[in-house]
Amino acid sequence: MKVSGFSYMRNSFTYGYPVIQSIKSVLPLVDEFIAIVGKGDDGTREAIEAIGSPKIRIIDTEWSIAMTKGGKIFAQQANIGLKAISPDADWAFHIQSDELIHEKDIPEIRQAMLENLHNKKVDGFLFPFYHFVGDYNHIGPTRKWHSKEIRITRNDPKVFSYRDSQGFRLYDSEEAYNEDEKKNGTKLKVKLLNAHIYHYSYCRNPYLLRGKVKKFSSYYSQGATSPEFTREEEPFDFHSVIDILAPFTGTHPAIMHDAIAQQNWEFKYDPSRGRFKPRHRVLHEIEKITGWRIGEYKNYKLIS
């Protein structure tokens with residue numbers, strides 16, 4: 001069995017992404033890792049080279065303003081990596097640059113790929129998420145945050161990144177994929193793993209996060225441009241994205257321990273500031289009792 005990992009990134013350090021930890025978390029599981037590095041100036045590329053792993057192959061890209069509508073640039077970069085993995089790879093593991101896997105979960109992930117290697121009914125694997133918000137001690141447990149996403153697919157030429165790199169779907173050809181952005185392709189049939197993705201998108205220095213949010217938003221407007229990062233005068237208000245938070249009682253991936261110890265901001269969760277719509281509060285209470293997230297968007301077909 002051969003497994004290829006891939007991710008895309010650009011100026012990750014500028015915006016506080018744990019990109020090096022992200023790559024290192026996956027390296028023990030993969031036979032090769034494709035890093036699609038957008039042209040930047042903050043040393044991200046050099047730091048990835050400095051990891052010194054023979055498994056890593058870097059592909060240099062330049063992010064096009066023409067691909068900003070709807071976040072298409074993210075899918076484009078993901079597809080570059082997906083199509084660059086070795087032809088003899090069996091599985092493709094996509095990790096985004098603010099995501100990690102825990103070393104304790106590697107045996108389960110590897111075993112699932114082995115057991116389903118020749119089961120063609122399985123197109124990939126679905127991971128539940130821990131979304132860290134504010135700091136490393138709180139997670140977003142509500143429908144505001146996606147509960148699961150596909151992160152492993154078969155190495156199949158018909159698999160393409162979907163929308164703004166939100167999972168994957170099957171298309172008859174690259175032409176069919178590019179023909180019409182309204183074409184939805186076919187959802188992948190996936191199995192759910194117990195292994196989590198540790199997602200640190202809203203867990204970083206609030207000044208860096210404010211810059212990241214502004215820059216990220218610019219990738220969703222057709223032809224939009226935005227200045228490169230400058231130090232923000234005001235920090236990001238974490239409570240602007242919070243309905244409620246829950247305490248995280250587990251352990252973080254070991255590769256994150258140094259970053260956690262060096263946290264250079266303070267976050268105080270104030271439940272009274274939660275922006276929770278009454279309807280969503282009711283739905284969350286139902287989910288807590290039943291485990292069922294009513295009306296959840298699912299970009300996959302779950303199989304047992």
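User: Which residues does Lys-39 touch, not counting residues up to four places away in sequence?

Analyst: Lys-39 touches Arg-10, Thr-61 and Glu-62, where contact means heavy atoms within 4.5 Å. This is a predicted model, with residues numbered from 1 along each chain as its sequence is written. Local features need pLDDT of at least 70, side-chain atom pairs count only at pLDDT 80 or more, and totals for chains, interfaces and linings use all residues, while side-chain values use heavy atoms, leaving out hydrogens and water.

User: Why is Lys-39 called exposed?

Analyst: Its relative accessibility is 55%. Exposed means over 50% relative accessible area, buried under 20%, and partly exposed in between (1.4 Å probe, protein chains only). Lys-39 therefore counts as exposed. You will find Lys-39 in the loop between β2 (32-38) and α2 (44-50); helices (H or I, at least four residues) and strands (E, at least two) are DSSP runs, numbered from the N terminus.

User: How far apart are Lys-39 and Leu-114 in sequence and in space?

Analyst: They are 75 residues apart in sequence, and 36 Å apart in space from C-alpha to C-alpha.

User: What makes Glu-287 count as buried?

Analyst: Glu-287 has 16% relative accessibility, so Glu-287 counts as buried. Look for Glu-287 in helix α8 (residues 278-290). Leaving aside neighbours within four places in sequence, Glu-287 is in contact with Pro-141, Trp-292 and Arg-293.

User: What makes β9 and β11 edge strands?

Analyst: The order of this open sheet of three strands is β9-β10-β11, with antiparallel pairing (two strands pair if DSSP finds at least two bridges between them). β9 (159-161) and β11 (186-187) each have a single partner strand, so one side of each has no neighbour in the sheet. Strand β10 (residues 168-170) is joined to β11 by two bridges, and Arg-169 stands opposite Lys-187 in β11.

User: Why is helix α1 described as mostly covered?

Analyst: Helix α1 spans residues 19-26, and six of its eight residues are buried. They are Val-19, Ile-20, Ser-22, Ile-23, Ser-25 and Val-26.
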